[in-house]
Amino acid sequence: MTNKVNQSLIDTALIERVQQTFASSYGHAPTHLVQAPGRVNLIGEHTDYNDGFVLPCAINYQTIVAATARKDNLIRVIAVDYDNQIDQFDLSQEIAFQHDRMWPNYIRGVVVGLLSRGCSFAGADLVVGGNIPQGAGLSSSAALEVAVGQTFKELYHLEIDGVDIALNAQQAENDFVGCNCGIMDQMISVKGEQGSALMLDCRSLEAQSVALPRNTAVVIVNSNKQRGLVDSEYNARRFQCEQSAAFFKVPALRDVTLDMFESRSAELDPVVAKRARHVITENQRTQLAAELLGQSDLVKMGQLMAESHHSMRYDFEITVPEIDALVEIIKSAIGDRGGVRMTGGGFGGCVVSLIPADLVDALKGAVEAHYQQQTGLEASIYVCQASGGAGLIQVIPAPVSL
């Protein structure tokens, strides 16, 4: 069954821009409009590739694809976020990696993955655009991958489900683009539910919806600190986690209890031990967080988010001074009524706050008053709603030939 997306949570101007670009470029209206959301992870950082637990929610910032099927094998893509750059390739020929620009590779990788899974389809005319802040750790790449996969499912009635689309998107990023990411970003983009977070077991892919407390705001603040060293440091930490799992002779750190770790941590390299401790304790925090949200307990949830940030700062060592300053500023504004922590891969990017809606103005005021003064940077603030996953915005009747 196709997910029907609540249009009230989608930027009307974005829809119009994508539609108008399609019509002016291809000379007719698109037959399909598909969206896939970005995400923010409330808690559970760097646990996904350790077969652990994460608690993200989809947000009301999306990638949108306008599309029409073609009768030949040509795929044409126009990217409105890159000055209407064009990419095109032929399904009957080898689909090559593009070294001169990156954005086409996310689309090409998804198509390569679908073909490798035995899906049968012809070409398409596409226009893609979005409003997910890029480089902020809100998963604009996964949203693009999922939106493209969902688009081909809709255009050609492919016999694939949401999990297939998410796994294919992850494969595109791992094998074609070359980023060794976990499954969280793609799964939440597919499976997000309005008003809820998603407790995801990254090993079994079992997902449980966790309703957010009523009148709760998800506030994302982008530090606008340019994220440096992300790829190299991400790969280094992933290797350190794999070293730890090998030491304990288990498939992944998900299988190591805190008691097991503490009984033998002195035998590990000190840095590797710190990395493992973060993942093991973060998995515990994430499982407890899902229970607390189900009980509408924002006070204890806030404590877990504080512990998570402390662990990322001192054990996983992925925060930067600007992020730490932002967390302290927000803590001072919200007290113990909610939580704040860094979210995403680290070394810049965003913090996420889960707070009662009546604290939004206080949070914004504190950030505006103190962050730039302390860091020289101006933060961007996004007050978000937990949104539904990828799906069809609307099906537009094909134009009648005259």
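Buried means under 20% relative accessible area, exposed means over 50%, and partly exposed lies in between (1.4 Å probe, protein chains only). This is a predicted model: local features need pLDDT of at least 70, side-chain atom pairs count only at pLDDT 80 or more, and totals for chains, interfaces and linings use all residues. Residues are numbered from 1 along each chain as its sequence is written, and side-chain values use heavy atoms, with hydrogens and water left out.

**View 1. Val250 in a loop between two helices.** Helices (H or I, at least four residues) and strands (E, at least two) are DSSP runs, numbered from the N terminus. Val250 sits in the loop that links helix H6 (230-247) to helix H7 (258-264). Its relative accessibility is 19%, so Val250 counts as buried. Contact means heavy atoms within 4.5 Å. With residues up to four places away in sequence not counted, Val250 touches Ala245, Asp255 and Val256.

**View 2. Asn168 on helix H4.** Helix H4 covers residues 162-177, and Asn168 is part of it. Asn168 counts as buried because its relative accessibility is 2%. Leaving aside neighbours within four places in sequence, Asn168 is in contact with Val110, Gly113, Leu114 and Arg117. What does the side chain of Asn168 reach at 3.2 Å? The backbone oxygen of Val110. A polar contact is a pair of N or O atoms within 3.5 Å; within protein, one must be able to donate a hydrogen and the other to accept it, and residues adjacent in sequence count only if both atoms are side-chain atoms.

**View 3. The largest pocket and its lining.** Rolling a probe the size of a water molecule over the atoms shows where empty space is left. A pocket is an open set of points on a 1 Å grid over the protein atoms alone, where a 1.4 Å probe fits, with protein on both sides within 12 Å along at least five of seven lines; lining residues have an atom within 4 Å of a point. The largest pocket has a volume of about 1200 Å³. Grid points are joined across faces, edges and corners, and the volume is the space filled by probe spheres set on the points. The lining holds 50 residues, and Tyr106, Ser140, Ser141, Glu173 and Arg227 lie nearest the centre. Elements that give two or more residues to this lining include strand S1 (32-43), strand S2 (53-69), helix H2 (103-116) and helix H3 (140-156). By class, the lining has 20 nonpolar, 22 polar and eight charged residues. Here Ala, Val, Leu, Ile, Met, Phe, Trp, Tyr, Cys and Pro count as nonpolar, Asp, Glu, Lys and Arg as charged, and the others, Gly among them, as polar.

**View 4. Helix H3, mostly covered.** Of the 17 residues in H3, 15 are buried. The expected span of a helix is 1.5 Å times one less than its number of residues. For the 17 residues of H3 that gives 24 Å, and the end C-alpha atoms are 24 Å apart, which agrees.

**View 5. Helix H8 and its ends.** H8 runs through residues 270-294. Its 25 residues should span 36 Å at 1.5 Å a residue; the end C-alpha atoms are 37 Å apart, which agrees. Asp269 caps the N-terminal end, with a side-chain oxygen 3.0 Å from the backbone nitrogen of Val271. Just after H8, Ser296 takes a positive phi of about 60°. Asn283 lies within this helix. At 5% relative accessibility, Asn283 counts as buried. Residues up to four places away aside, Asn283 touches Thr47, Gly52, Phe53 and Arg254.

**View 6. Asp83 and Asn84 between strands S3 and S4.** Most residues other than glycine have a negative phi. Asp83 has a positive phi, near 55°. Phi of Asn84 is positive too, near 60°. Asp83 is in the loop between strand S3 (74-79) and strand S4 (85-90). Is Asp83 buried or exposed? Asp83 counts as exposed, because its relative accessibility is 74%. Asn84, at 39%, counts as partly exposed.

**View 7. Ser308 on helix H9.** Helix H9 spans residues 298-314 and holds Ser308. At 0% relative accessibility, Ser308 counts as buried. Its side chain makes a polar contact of 2.8 Å with the side chain of Glu282. Another polar contact, at 3.0 Å, joins the side chains of Ser308 and Arg341. Ser308 and Arg285 are 23 residues apart in sequence and 7.5 Å apart in space, C-alpha to C-alpha.
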